[in-house]
Every structure is written in structure tokens, then in C-alpha cells.
Amino acid sequence: MTKQTRILCVVATLSATLLCLAQTPEPIEIRRAEAVFEELPELKASEILKPELLKGPHYAVRDPVPTGSGMNQFTIDSDFGIFEADGNEMLLQRLKEIDAIARLQEVSRTDEFKKSLLAAAKSPLNSAKNIARDPAQAISNVPKGIMKFLGRAKESVQNVGKGGNDDARDGSRLKDAIGYSDKKREIAIEMGIDPYTTNTVLQKQLDDLASASWAGGFTFSVATLPISGAAGVALTVTSVNSTVDDLLREKSPSELEQINRATFRAMGASASDVERILRGGAFTPTQATTFAVHLKALKGVANRGAFVKAAAQKSTTEADALFCVYTAALMDQINQKTPVARIVMLGDFPICVAKDGTIIVALQWDYAAWTSGAAAFTGELQKLAGKSGQSAHVSVGLSGEVSPRLREELEKRGMIVQDRLVPGPLK
């Protein structure tokens, strides 16, 4: 070989916000010879999902699956209500949560649980449940000592309760809230679910079980739960890792925030951007922690703060947060095989440049078609690759599916196309 090729790999996630450029119609300034673009299709769950995920004992995924913003849009009818899932990854998460709700409801029907829940309601510790019910959200109208903990305190727990009698009472209630939160977190992690899930139905089940266990003496064990009826339902490897699991298990929400704040700031992120991630509402504590852990693993990679800035300023929904989480996770995986030197931004798009000069764009895309936006974005990628000073081959890898037309257009431009890198629930 007389000439080395530089490879452009596209391997992570686009959120609803960041994929507007690539998937929504826009004024066409591209050459008319290329101006016949695809309409985004409506897929069928029965055709794209693994059969075991289409329907379970307590749910069914609706067959129509609109595509947009880079994500397959799923609707799930369940015994516990209708759930929406923005993307393949969130679908897996919701199915796992539905299974958890069903199993916990079986527990709630037992006499032992009912007696424990009644005892918990009469217990002085019951107030802890009301104080610590939703640590993932801002809580108002609580005593100042409690607020220091649940409002992501800037003071340590050890400092609470010093001073007058009011603070002493607050300190005692704080200990109760901490114990309740610890129990709830322990139960969720033992079941393999996010203790800070945005699923309100599951949160209610976790609240009741934590209350019955913490204040009512109920003995909980995953081993005694009913057998799961959701074969194959599991989060993908990009969702969590052992480091995140340990942090969630061992640290309170306040402690997680302090750790994540220090991690992001060490990467050069501004204080205001960090606060948007930690308090902006798009990221749960689990998602913020996972994002921080994967970016921290990119040790020595320059300009990670630029990715944090884009995540902070563009993320307004859970789908946006998941984009950042999975992108960072895949960057982490890439870095283990091809060491990354720095991150550059193409608009709001994080792109890695490897130490050997390889350009690596992190993208997860459930279904990608040849749209005007995709054509324009492809052109920008070609320009970026061309700045290397060599004739660069481009390899595009997507987590989901590419349309035949998109594959044709990319290969026509000399790009190597790979899809289904992280197929998740897809057949």
C-alpha cells in the first residue's frame, strides 16, 4: 500500500434537537441534479422489532412507528397506561420498566406487604417518604435543613442540624429521608432499573415498596419476586457500566451532583453549562452521571468541554439527554481501540479526531434516509475530511438502519457504509 486512508466513522446518537439539521426539510440549495430526496417513512414494529419484544404479558407495541429526528417513535399500550418511547434505546428501557411495574404490583398484593405498608403509614418515619419521594426533581416548600439535601445542597450533611432546635429537628428528618432514599435506590438497582426513572407509574411502585421496607419492616428480595415475563428485555451495554452502577448504589443525589460537577469542570466546562446539565431538568441524576463517567474515561482528550457545552445548551428533553449519554459511551468505546486526541464541533455536533489523524463522528441513528438535510450534512463531512490534505475514504457507521437510497448516495461518494452497529431491539 502506497497511500494511507483516513477513515470517518459515524457511531453514536442524535437527539431530537441535534438531528433537526440532518433530518428535517429545509430550503434546498443543493444542486438540482441531486434534488430528489426521500420522505421519512412510517415503519412497522412487526417488521423491525425482535418478535419477543412486540408483545408481552402486560404490553403491546403499536405497529405504526413514525421516524423523525433520527429516532423511531414507539407507542406502547400496557396494563398500566400508554407509554411513549423516543428511540430504540428508550423502548428497551420502557419495556423493562413495564416488567418491573408488573412484578412489583404482584408483591403489593401480598398480605405481608399490605400489613407493612399500613404500619409504615402510621410510623413517624412516614414523613421521610413525602420529603424524599422524587429526588430527581426540584422539591419546594420543605424545611430549610431538608432543602439543603434534596435541593442539591452546597453544604455537607454533617453541617446540617447544627444550631437551634429547628435545625436539630430538620437534621433528624434529614436522616430519615436519607434512609428512605437509600432503601429506594437499593431496591431499584437490585431490580436493574434506574432509581431516578421519569416513569411516574414505576416511581409510585418504588415509593410504596421503599416505604413498606424502610418504615414498615417489609423484607424485600429480588429472588422472591415473581418470574419475569419479559424475555430478552434488557438495557444495552451503552446504558450503564459498573462504575455508574457503583456510584448510583453508594452515593446520594447530592453526592452525585458534587462528583459530576467536579468532573465536568475539570474538562473545562463553564459553571453555567454544568448547572444546566445538573439542574436543567433534561438529565436525570443517572443520565448526568453516565455522561460524566464516559467523558471522564476519555482521559487526555482535548476539548471535551465543548461537548458538555452543546449538551447543556441543546438538551431540553430526556431524548436529548440520551443522545449525549450514548454518544459519550460510544466515544469511550472508540477511544479504547483508536486513541482520540481531541473533540471538534461541527455546529453542535461532537466529532473526534484520533491521534493517528482519523476523523471519528459519533452518531446513533435509528433510521436514516437521504433527505436534503442529510445531503447537506454529508457535504460538510466531506469538506472536513478534505482538510486532512489527503484523499480521504469515509466510513459511515450507524447504530440503526440506513435506507437503500442513503447507502447508494454515500457509497457513490466513496464512503463505506455500516449500519446496525448497536441494533438494540431491532431484528
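Visitor: At what angle do the axes of α13 and helix α15 cross, and within what distance do they come?

Guide: In this predicted model, the axes of α13 and α15 (residues 318-337) cross at roughly 25° and come within 8 Å. Axes here are lines fitted to C-alpha atoms, for helices over the stretch in contact, with angles from 0 to 180 degrees between N-to-C directions. Helices (H or I, at least four residues) and strands (E, at least two) are DSSP runs, numbered from the N terminus.

Visitor: Why are α13 and α15 called roughly parallel?

Guide: Angles under 35 degrees count as roughly parallel, over 145 as roughly antiparallel, 65 to 115 as roughly perpendicular and the rest as oblique. The crossing is at roughly 25°, and α13 and α15 are therefore roughly parallel to each other. The crossing is also left-handed, a term used if the near helix is turned anticlockwise from the far one by less than a right angle.

Visitor: Which residues of α13 and α15 meet?

Guide: Contact means heavy atoms within 4.5 Å. From α13 the list includes Phe-291, His-294 and Leu-295, and from α15 it includes Leu-322, Val-325 and Asp-332. The residues of this contact divide into 9 nonpolar, 4 polar and 2 charged. Ala, Val, Leu, Ile, Met, Phe, Trp, Tyr, Cys and Pro count as nonpolar, Asp, Glu, Lys and Arg as charged, and the others, Gly among them, as polar.

Visitor: What makes α5 roughly perpendicular to α9?

Guide: Helix α5 (residues 111-122) and α9 pack at an angle of about 80°, with their axes 8 Å apart. That angle makes α5 roughly perpendicular to α9. Phe-113, Ser-116, Leu-117 and Ala-120 in α5 meet Asp-208, Leu-209, Ser-211 and Ala-212 in α9. This contact divides into 5 nonpolar, 2 polar and 1 charged.

Visitor: How do you know whether Leu-117 is buried or partly exposed?

Guide: Buried means under 20% relative accessible area, exposed over 50% and partly exposed in between, with a 1.4 Å probe and protein chains only. Leu-117 has 26% relative accessibility, so Leu-117 counts as partly exposed. Leu-117 touches Asp-208, Ser-211 and Ala-212, not counting residues up to four places away in sequence. The C-alpha atoms of Leu-117 and Ser-211 are separated by 6.8 Å, although these residues are 94 residues apart along the chain.

Visitor: And why does Gln-205 count as buried?

Guide: Gln-205 lies in helix α9 (residues 200-214). Its relative accessibility is 13%, so Gln-205 counts as buried. Leaving aside neighbours within four places in sequence, Gln-205 is in contact with Ile-101, Leu-104 and Gln-105.

Visitor: What is the phi of Asn-303, and how exposed is this residue?

Guide: Asn-303 has a positive phi of about 70° although it is not a glycine. Asn-303 sits in the loop between α13 (285-297) and α14 (304-314). With a relative accessible area of 42%, Asn-303 is partly exposed.

Visitor: What makes β12 and β14 a pair?

Guide: Two strands pair if DSSP finds at least two bridges between them. Strand β12 (residues 394-397) and β14 have 4 bridges, in the parallel sense. Gly-397 stands opposite Gln-418 in β14.

Visitor: How were residues numbered, and which atoms were used for side-chain values?

Guide: Residues are numbered from 1 along each chain as its sequence is written, and side-chain values use heavy atoms, with hydrogens and water left out. Local features need pLDDT of at least 70, side-chain atom pairs count only at pLDDT 80 or more, and totals for chains, interfaces and linings use all residues.
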